[in-house]
Amino acid sequence: MSAEDEAARLRRLQAALGKIGYGGDYNPEQWPEDVWSEDLELMREAGVDLITLGVFGWAQVEPEPGRYSFDLFDRIIDRLHSAEVQLSLATMTASPPAWLSASHPEMLPQRADGTRLWHGARQSYCPSSPVYRDHAVRLVEQLAARYGEHPALAVWHVGNEYGVHVAECYCDVSALDFRRWLQERYATVDGLNEAWSTDFWSQRYGSFEQVLPPRSAPTFCNPAQQLDFARFSSDAMLACCRAEIEVLRRVTPRVPVTTNFCGLWKPVDYWAWAPHLDLVSVDSYPDPGDPESHIEAAFTYDLLRSLKGGRPWLLMEQAPSAVNWRTRNVVKAPGEMRQGSWQAVARGADAVMFFQWRQSRGGAEKWHSGMVPHVGADSRGFREVKALGAELAAHPQLAGSRVQADVAIVMDWPNWWALELDSHPSVDVTMREALLAHYTPLFEAGVTCDVVPSTGNLSNYRLVVVPNLYLTTADAARNLSDYVHGGGHLVVSCFSGIVDDCDRVHLGGYLGPLRSVVGARVEEWLPLQEHQSLKVQLEGRLGDGACEATVWSELVIPSTAAVVGAFADGHLAGSAALLHHEFGAGTCWYIGTRLDRAGMRQVIEAALAEAGVAPVLADLPAGVEATARVAEDGTRAVFLLNRRPEPVTVGLPDSTTLTLDPRGVAVHYTHPTPEGL
Amino acid sequence: MSAEDEAARLRRLQAALGKIGYGGDYNPEQWPEDVWSEDLELMREAGVDLITLGVFGWAQVEPEPGRYSFDLFDRIIDRLHSAEVQLSLATMTASPPAWLSASHPEMLPQRADGTRLWHGARQSYCPSSPVYRDHAVRLVEQLAARYGEHPALAVWHVGNEYGVHVAECYCDVSALDFRRWLQERYATVDGLNEAWSTDFWSQRYGSFEQVLPPRSAPTFCNPAQQLDFARFSSDAMLACCRAEIEVLRRVTPRVPVTTNFCGLWKPVDYWAWAPHLDLVSVDSYPDPGDPESHIEAAFTYDLLRSLKGGRPWLLMEQAPSAVNWRTRNVVKAPGEMRQGSWQAVARGADAVMFFQWRQSRGGAEKWHSGMVPHVGADSRGFREVKALGAELAAHPQLAGSRVQADVAIVMDWPNWWALELDSHPSVDVTMREALLAHYTPLFEAGVTCDVVPSTGNLSNYRLVVVPNLYLTTADAARNLSDYVHGGGHLVVSCFSGIVDDCDRVHLGGYLGPLRSVVGARVEEWLPLQEHQSLKVQLEGRLGDGACEATVWSELVIPSTAAVVGAFADGHLAGSAALLHHEFGAGTCWYIGTRLDRAGMRQVIEAALAEAGVAPVLADLPAGVEATARVAEDGTRAVFLLNRRPEPVTVGLPDSTTLTLDPRGVAVHYTHPTPEGL
Amino acid sequence: MSAEDEAARLRRLQAALGKIGYGGDYNPEQWPEDVWSEDLELMREAGVDLITLGVFGWAQVEPEPGRYSFDLFDRIIDRLHSAEVQLSLATMTASPPAWLSASHPEMLPQRADGTRLWHGARQSYCPSSPVYRDHAVRLVEQLAARYGEHPALAVWHVGNEYGVHVAECYCDVSALDFRRWLQERYATVDGLNEAWSTDFWSQRYGSFEQVLPPRSAPTFCNPAQQLDFARFSSDAMLACCRAEIEVLRRVTPRVPVTTNFCGLWKPVDYWAWAPHLDLVSVDSYPDPGDPESHIEAAFTYDLLRSLKGGRPWLLMEQAPSAVNWRTRNVVKAPGEMRQGSWQAVARGADAVMFFQWRQSRGGAEKWHSGMVPHVGADSRGFREVKALGAELAAHPQLAGSRVQADVAIVMDWPNWWALELDSHPSVDVTMREALLAHYTPLFEAGVTCDVVPSTGNLSNYRLVVVPNLYLTTADAARNLSDYVHGGGHLVVSCFSGIVDDCDRVHLGGYLGPLRSVVGARVEEWLPLQEHQSLKVQLEGRLGDGACEATVWSELVIPSTAAVVGAFADGHLAGSAALLHHEFGAGTCWYIGTRLDRAGMRQVIEAALAEAGVAPVLADLPAGVEATARVAEDGTRAVFLLNRRPEPVTVGLPDSTTLTLDPRGVAVHYTHPTPEGL
């Protein structure tokens with residue numbers, strides 16, 4: 001695949017839509033055809049122009065092995081096309097039919113304890129199964145041949161939510177595939193022994209044939225084995241996805257491909273997957289019962305945008321209101337769905353879509369809300385869907401515009417996997433918590449962030465924030481150090497620079513290869529007990545305040561860095577907690593604990609000020625989210641979202657003001673001054 | 001089986017006892033024969049006249065396949081007969097012997113995750129196993145032939161506590177039986193696909209051979225599959241029970257049969273089982289550590305009585321004091337066992353029995369109390385047993401008398417199964433909690449209830465209460481609507497009228513087929529978070545008070561009903577919470593949330609008043625339970641149980657009063673006025 | 001093995017060391033050889049003279065079946081010997097290599113639910129596996145032949161932490177071995193049926209072939225089966241250990257053998273194992289996050305000392321600072337490691353060792369602290385290690401000296417197993433909690449205790465304390481009764497004297513065979529609810545105070561005992577809770593509940609006073625631990641450990657005083673008055 005082809009495919013999609021796409025998953029096979037007519041009428045009313053079709057169509061189109069039956073899909077695709085609805089057409093491989101596992105039970109996934117997962121739900125397949133892959137590829141060949149030239153086809157939707165239920169399989173077939181993967185990675189078994197530190201606990205392998213997935217064992221499995229199994233599992237799913245893409249590229253080279261990621265999702269390494277896709281998509285389900293879930297949503301959208309270098313992405317699924325899989329499924333309040341949809345657009349989405357168009361009558365997701373609820377179109381739910389459709393249609397110029405960011409947050413999947421391995425100093429240091437602890441003060445300051453891998457290009461950013469980069473490769477350390485040395489500004493937090501890519505400790509003082517850029521080493525860690533906290537006394541350029549720290553403390557030994565905060569309690573009283581280091585032309589901040597929200601805000605705001613980063617809007621009131629997209633023609637759209645329970649007035653750059661209702665949303669455009677003035 | 005035969009068998013049993021039966025499970029095989037002599041002497045002292053024998057006798061009487069050895073039971077049965085003790089003789093099939101699973105491991109039950117449950121405890125059999133069933137039937141043939149004519153035999157006790165440990169089995173044998181059952185139910189695989197909504201998640205089956213029990217799967221199994229598996233599992237156990245009954249009916253047509261149900265027990269559909277039994281029995285283990293466990297006991301007894309149309313039933317097991325299977329096993333305080341025993345009689349029991357006569361010396365239940373404790377007869381425990389025996393003997397006229405009720409509570413097993421399926425709006429809506437929330441105000445008002453299935457005959461009741469009838473069939477909806485239309489009074493609570501018998505939603509507005517009788521539809525649900533509550537403002541005929549609501553709220557759209565309560569908090573503030581609907585000649589109340597205890601009492605008391613239902617005794621003091629039984633000759637016995645820690649005085653209909661001690665019990669008789677006066 | 005040989009082997013070890021041994025586990029195979037040179041230099045600096053080598057060496061020395069490769073160990077052993085470091089040489093069998101389970105998967109352990117535990121961690125073997133045992137013995141033959149005469153070899157370290165991860169296996173191989181063990185124990189299947197009370201629940205066996213381990217079953221497994229399986233499992237591991245010892249005794253008869261026990265560890269019956277070892281060792285990991293973990297450590301050390309009749313033992317492993325396997329791994333504060341090490345010496349340890357010398361770079365234990373931390377020798381950690389080495393070297397005379405105790409606590413493994421079986425009156429009565437409840441007041445009073453089995457020799461003790469001796473054999477009851485009758489003083493607590501060695505109840509009143517010595521029987525138990533407490537009013541010789549009781553109460557019927565405390569609340573108000581009984585020439589106290597800490601102190605102090613037991617030092621301040629060791633020449637060393645956060649002054653027997661810093665340690669010597677003066 002060349003980048004040029006990719007660009008051409010994307011232009012084709014953008015042209016087909018001509019605006020922010022709007023729609024949802026549509027499962028007409030669950031309904032009698034007389035309901036289809038109402039569907040098309042209501043889609044028209046709601047301004048729907050993009051539909052995901054066929055995600056669970058396999059059993060329908062291949063009712064028995066090798067016999068294909070496309071009648072139903074032929075009919076509905078033609079009707080959708082007549083209604084001017086474009087298709088995100090699924091490859092239908094997300095849930096294999098009953099006949100496949102009935103005749104090939106060895107393709108069912110197996111848990112670490114050896115128990116099977118059977119047919120009866122969805123995604124019942126071992127990702128390494130050649131049986132599954134062969135049948136899936138054969139189906140995709142059929143679909144590509146049949147619908148590849150259909151004028152309604154806008155984008156291929158490969159699989160569905162890879163890994164959401166079965167992200168890893170421990171069966172004998174997977175063991176074989178894991179060995180093959182290891183052999184490719186390490187060439188010799190001694191390479192593997194070295195990488196996995198197998199002299200520990202007498203685990204040394206005599207041949208690849210002796211190696212297993214990290215199945216249930218008497219105690220903690222080898223952590224490098226666990227880490228490689230996480231890598232392998234992401235790759236095994238990617239191999240399924242790539243096998244389908246290979247068919248689509250060959251048969252339908254002009255149609256772009258995507259797959260829908262699952263929010264902030266640990267098992268799938270998005271950085272490794274994104275290059276294989278023309279554009280990325282995400283399913284986003286912030287919990288309406290959690291008053292801060294919009295912050296994780298914002299981070300997720302920033303990540304999605306960053307995966308393809310700032311290019312627009314698709315919000316492939318969100319819930320119109322409640323979901324069905326939490327213990328208590330809270331509904332979205334009036335206006336909440338609208339605001340959440342605009343939040344995605346504000347951070348770069350070119351489509352706003354839902355699961356699903358019509359709420360199912362039966363099955364495990366019938367209590368998941370739909371754009372058309374069980375009660376029908378005469379409902380609060382559908383009225384809000386219709387209103388949003390009209391609203392989005394009024395902003396066609398947003399499609400294709402870009403978000404700019406001066407700040408980046410570093411996030412790697414191998415680090416996530418390694419950081420959360422068992423037998424660590426503390427169970428409290430987790431990736432999601434760390435990311436949000438560092439992202440929240442940026443979010444609250446109205447500063448837009450990108451997300452970058454630790455070896456990514458940092459040259460476009462004034463400030464780079466590195467939360468808990470436990471796994472730090474030599475390349476990553478060099479990348480971060482060079483960035484600072486060349487004038488960049490860096491914030492690094494505790495438990496970073498600890499191990500290499502095989503979970504082997506960088507010896508000689510923690511922070512390892514980050515010691516020079518941080519200007520310190522760490523001698524030992526003192527994780528805090530649950531509910532324990534310590535006081536941190538600020539000093540130097542952070543002023544003379546104080547804040548609270550939880551989760552973690554450590555004995556930091558500064559070399560060339562200045563202390564800007566010290567522990568005021570416990571064994572470490574008087575010892576450094578926060579550092580500031582001038583390194584080359586730049587600076588590096590270090591946070592040797594987990595500060596509370598106010599403390600994190602102080603450090604991040606000092607770093608932003610030093611780096612000269614400005615928010616999207618100055619003097620933004622608390623509780624208002626502001627982001628901007630800029631179109632090719634220079635038109636700048638500022639998005640304002642009010643999360644306060646009362647109206648709020650926001651000052652705009654042109655000195656006008658704008659008042660937002662509770663849960664209000666506004667888009668304010670600034671057009672470029674024409675050239676020559 | 002004709003109803004006449006059944007009546008004859010029951011008359012025979014009643015004649016044999018001539019009073020309220022008294023006794024317990026007796027396991028003489030655990031004791032040397034010199035202990036038997038003491039047993040018989042102590043039984044005489046305690047007034048014991050009915051004993052359950054042989055529940056765990058299989059390994060004793062069939063020590064190896066096909067070799068029967070009845071000597072021990074011959075001897076003890078003759079000795080019991082000489083001592084004038086009647087037998088509830090077990091069919092001995094509840095716990096197969098070690099040799100059966102050792103030679104046929106495929107008859108061991110299997111969990112959803114595929115792991116086996118082995119010999120070493122009890123009930124280690126797959127209910128669908130033909131190996132188990134054949135061996136069981138062969139044993140019952142032997143028992144029926146040997147003891148069927150024995151003069152001590154009062155009633156056959158088939159199996160024991162069906163499903164208490166193994167209520168469902170997921171093995172391949174069960175899979176075959178499940179398929180056979182499904183084929184009978186649906187005839188064609190397309191029927192099944194339609195019923196199970198298998199177009200969802202690509203679950204469609206090509207043949208019955210592809211169908212499995214709802215084994216461990218990647219995520220939520222198909223809910224209709226789960227629901228049918230619950231139906232099937234109850235039926236599979238019933239098939240075991242019926243196979244034994246078939247032998248007994250044939251060989252000993254004059255001996256009544258029963259089996260002992262396990263309290264309020266989800267896996268066994270009592271309505272489906274009861275027609276196959278001559279009389280029903282129950283094992284009842286209210287927790288002495290729970291100050292409200294007598295309310296669930298009362299409901300259970302009302303249910304037992306209702307299963308055979310008001311006919312007396314047997315309290316087959318209760319604990320003399322502590323059990324052994326809770327985390328902390330609280331003993332019954334002095335007087336508590338007596339009061340609990342009278343509670344059963346007061347609600348229609350014709351026998352008061354215990355597990356077990358003599359506390360075991362070894363085994364898993366040795367810390368379960370016995371009528372004769374480890375310490376021996378010189379103990380508080382045995383003294384209370386003896387006193388109760390004497391007391392029951394003083395009321396022979398109670399045997400066979402009947403309880404009357406003007407109110408019924410609707411309870412269906414398929415609704416219970418469906419209501420508690422996974423992936424629902426809230427985990428907090430459960431059947432037991434719902435039943436008790438609606439039953440408690442009736443209990444506290446001193447009003448006696450029957451229990452009816454949703455399609456049962458309602459014509460005898462002034463008020464019918466319907467807690468959370470999530471699964472409402474068209475027949476049930478018709479039955480309830482007709483009842484109200486014809487002048488009945490109904491109370492319906494939230495999350496009712498939602499799905500059909502295949503867990504498919506009634507579309508077009510929740511309440512579905514109950515919309516007309518309720519006079520409203522429901523548009524969406526807003527389940528509450530844990531610990532969250534809302535205020536409900538009463539209005540209209542409920543006055544102007546307020547109460548608290550938890551668990552659930554919903555958007556109710558009244559059509560013809562009047563609002564008698566509205567939410568005062570949250571998104572729904574001002575919207576209807578409680579309705580009152582005049583429909584035909586009757587009325588229907590609707591409760592669109594879960595009210596607190598005081599709120600439930602207000603609604604239920606208003607409904608009782610409107611329906612003209614009177615309690616057993618007017619002006620009954622709080623903490624006193626009152627019920628009545630009426631004999632064939634018209635004698636009315638009023639039972640009074642004081643649960644307050646101080647004495648309490650109760651006014652009687654004849655204007656006399658009666659004072660009850662703490663934990664006191666009284667029976668007050670009123671004889672019919674002789675004819676002609 | 002004769003006792004003389006054992007004594008000779010121990011003299012040899014003691015001579016080789018000449019002082020308190022100091023060192024740790026050393027795993028040179030994990031490091032390149034250039035690190036070895038630094039290791040030897042740092043060992044010299046730290047005063048290390050004893051190293052455990054080869055615990056995880058199997059995969060290294062036998063890289064494929066039957067091919068042995070000792071080069072690495074040859075080299076390091078010679079270098080250690082040159083550096084005057086002695087060896088605790090492991091038999092290397094603790095963690096079988098990958099090739100063994102790859103070619104013999106049937107040697108992998110199996111859980112009760114039938115799932116396997118695979119290679120990838122450590123200890124992946126079924127203890128009953130002949131495959132494992134044969135391969136292990138073959139390896140030990142090789143090691144004994146190669147290193148048996150090496151001058152550096154001080155002691156054989158057999159296996160490692162038996163049972164720490166796999167203490168029992170439920171596979172078919174284990175089932176066979178279990179049957180063999182049962183046949184030896186019971187001779188006939190009827191003997192087993194009698195012992196296991198199999199007439200209960202129809203569990204009777206027709207042959208040993210029908211018997212299984214207590215695998216997952218529908219409900220509680222037979223408790224006697226569970227108890228025997230615990231006995232068998234300890235014996236199966238012991239058989240592995242003995243198979244290795246048999247080789248070592250034969251090939252290297254002059255070298256002592258030990259194995260390292262795991263603290264207070266339920267699955268291994270130390271009393272049964274100790275006779276097979278020349279000396280005992282322990283791994284001790286008190287939680288630095290628990291301010292009372294030193295009390296359990298003290299009890300563990302007293303137990304270790306008691307296992308071989310007061311002979312010195314080895315502290316084989318402790319953590320220099322944090323471990324890696326708790327949820328949050330707290331570090332040891334400055335001075336805490338030193339104090340903990342001296343605590344072991346103060347209670348009879350002749351070596352202070354660590355896991356491990358050099359903190360691992362990879363593997364599951366890399367976050368477990370090491371004597372040489374990741375950061376290197378320039379660290380708080382290594383400085384403390386060095387200081388302690390120097391300090392221990394300054395007290396060579398302590399090696400071989402003995403601790404004396406006037407008090408003993410009774411502890412049996414079968415009682416532990418039986419006490420914590422399921423389906424008991426209360427889950428709150430557990431062994432560890434019971435032991436510490438009774439030990440803590442002795443610890444706080446500065447009184448040194450031994451630990452004895454219930455049938456052990458009690459004649460050396462003034463006071464014997466019996467916590468919850470649920471399983472009381474006739475021999476044990478006779479032993480305790482004879483002890484009191486002959487003038488001893490006994491404290492017995494509730495739920496004692498309940499069952500025989502097959503978990504069968506002693507009938508006729510609880511306390512069973514202890515009724516005469518206690519002077520009472522118990523009629524019934526009233527376990528308390530969680531968080532429930534009762535008041536106990538003291539009386540008689542305990543004065544007129546009161547204390548709180550939790551967990552348990554019971555109806556005690558005194559016969560010849562005097563009541564010295566009564567329940568003041570609940571059903572039992574006014575009934576006896578505490579007894580004092582003069583029996584023969586001695587006395588017995590009985591505690592019919594679980595008193596709070598103050599209450600336990602009152603009873604234990606009254607019993608100490610009556611028995612005439614004096615603490616190690618009179619007037620010891622609270623928070624100071626005092627113990628003593630006496631050398632063969634009569635020199636008495638008193639150890640003082642201050643756990644208070646401030647300095648504390650202690651008065652010594654010679655009327656001088658001594659001031660201890662916070663976390664301070666002191667050793668004060670008193671030399672015997674020379675003979676003839």
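Predicted model: local features only at pLDDT ≥ 70, side-chain atom pairs only at ≥ 80, totals over all residues.

Residues are numbered from 1 along each chain as its sequence is written, chains are lettered from A and ligands numbered from 1 in written order, and side-chain values use heavy atoms, without hydrogens and water.

**Stop 1: chains A and B.** A rotation of 120 degrees with 0.0 Å of shift along its axis does it, at RMSD 0.0 Å. That is the relation of a three-fold axis. Now select B:T115: of the residues of chain B, its C-alpha comes closest to the rotation axis, at 4.6 Å.

**Stop 2: two helices of chain A.** Select α6, residues 130-147, and α9, residues 223-251. Helices here are DSSP runs (H or I, at least four residues), numbered from the N terminus. Their axes lie 9 Å apart, at about 25 degrees. Axes are lines fitted to C-alpha atoms over the stretch in contact, with angles from 0 to 180 degrees between N-to-C directions. That makes α6(A) roughly parallel to α9(A) (angles under 35 degrees count as such). Show the contact (heavy atoms within 4.5 Å): it includes A:Y132 and A:R133 of α6(A) and A:A236 and A:C240 of α9(A).

**Stop 3: chains C and A.** The contact takes 53 residues from chain C and 49 residues from chain A.

How values were computed: Least-squares fit on C-alpha atoms with pLDDT ≥ 70 in both. Parallel < 35°, antiparallel > 145°, perpendicular 65-115°, else oblique.
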